[in-house]
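The following exercises concern a single protein chain. Each sets a task and then works through the solution step by step.

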Amino acid sequence: MTSTQGIEIEPLTPEAFAPYGRVLQPHDIPSFDLPTKGLHRFPWQCDAPIVVQLISFKPQPFKVHKIEKHFHVTETRMHIGGSPTVLVVGEPSDEVPTISKLRAFRLDRQGVMFKLGTWHGVDAYPLGDEPGLFLFLSDKETQSELFDNPVAVPKRSVIRTFDKDQPEIVVG
């Protein structure tokens, strides 16, 4: 019999998400305050050409099987439609986080920018029957080695699959 260990879903706040990155929302004072608009800039980083994508996370069981982290890009996800969706994250570390170190956040028309090296679920989990739609910023080199021309051992990322001997990770 497989045992399970749960991760509670939390509301997304700048304070709660700070160990993993930034919540994309207006600053108290805009970076530039112009007559017709206020600009709020964020320190996004990558060392290769930018890739802008739309990702539609399909409804699926709330079970975390794989997590990853990236070394060369502050991956950014902005929930832009569909069902509110849950992201699972772990603090940047050389060690793969234990289940107790993972946290789950609910995004509903909000966005996040991961710190370099932040562990995060490969998948995200819509809370309704519709897919969760995200604007997704990454870089060409990272995306290429993961999807376009997959390599057995990526150099720009680390991907870990949770062992079958561990308890099943359930979000909810």
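**Exercise 1. The aromatic cluster**

Phe17, Tyr20, Phe105 and Phe114 form one aromatic cluster. The model is a predicted one: local features need pLDDT of at least 70, side-chain atom pairs count only at pLDDT 80 or more, and totals for chains, interfaces and linings use all residues. Residues are numbered from 1 along each chain as its sequence is written, and side-chain values use heavy atoms, with hydrogens and water left out.

Task: Determine how many aromatic pairs a search of the whole structure finds, and describe the geometry of the pair formed by phenylalanine 17 and tyrosine 20.

Solution. 

Step 1. Apply the criterion: rings of Phe, Tyr and Trp (its six-membered ring) pair if their centres lie within 6.5 Å; planes under 30 degrees apart count as stacked, over 60 as edge-to-face and the rest as tilted.

Step 2. Helices (H or I, at least four residues) and strands (E, at least two) are DSSP runs, numbered from the N terminus.

Step 3. Consider burial, where buried means under 20% relative accessible area, exposed over 50%, and partly exposed in between (1.4 Å probe, protein chains only). Phenylalanine 17 counts as buried because its relative accessibility is 0%. Tyrosine 20 is buried at 2%, and phenylalanine 114 is buried at 2%.

**Exercise 2. The five-stranded sheet**

Task: State the order of the strands in the open sheet of five strands, and identify which are the edge strands.

Solution. 

Step 1. The order is E3-E12-E9-E15-E6, with antiparallel pairing. Two strands pair if DSSP finds at least two bridges between them.

Step 2. The edge strands, each pairing on one side only, are E3 (21-24) and E6 (50-57). From one strand to the next, the twist averages 20 degrees.

Step 3. Follow the bridges. E3 and E12 (residues 111-114) run antiparallel and are joined by four bridges; arginine 22 has methionine 113 as its bridge partner in E12. Strand E9 (residues 76-82) pairs with E15 over six antiparallel bridges, and arginine 77 is partnered by phenylalanine 136 in E15. E6 pairs with E15 over eight antiparallel bridges, where phenylalanine 57 has glycine 132 as its bridge partner.

**Exercise 3. Aspartate 139 and the start of H2**

Task: Is aspartate 139 buried or exposed, and what does a side-chain oxygen of aspartate 139 reach at the start of H2?

Solution. 

Step 1. Aspartate 139 lies in strand E15 (residues 132-139). It counts as buried because its relative accessibility is 0%.

Step 2. A polar contact is a pair of N or O atoms within 3.5 Å; within protein, one must be able to donate a hydrogen and the other to accept it, and residues adjacent in sequence count only if both atoms are side-chain atoms. Such a contact, of 3.1 Å, joins the side chains of aspartate 139 and arginine 156.

Step 3. At the start of H2, a side-chain oxygen of aspartate 139 comes within 3.1 Å of the backbone nitrogen of glutamate 141.

Step 4. The buried residues of H2 are Thr142, Gln143, Ser144, Glu145 and Leu146. Their cover includes E6, strand E8 (66-70), E15 and strand E16 (157-161), as judged by contact (heavy atoms within 4.5 Å).

**Exercise 4. Glutamate 75**

Task: Where is glutamate 75 found, and which side chain does a polar contact join to that of glutamate 75?

Solution. 

Step 1. Glutamate 75 occupies the loop between E8 and E9, and counts as buried because its relative accessibility is 2%.

Step 2. The polar contact joins the side chains of glutamate 75 and histidine 120 at 3.4 Å.

Step 3. Leaving aside neighbours within four places in sequence, glutamate 75 has contacts that include Met113, Phe114 and Phe136. The C-alpha atoms of glutamate 75 and phenylalanine 136 are separated by 7.5 Å, although the two residues are 61 residues apart along the chain.

Definitions and conventions:
Axes are lines fitted to C-alpha atoms, for helices over the stretch in contact, and angles run from 0 to 180 degrees between N-to-C directions.
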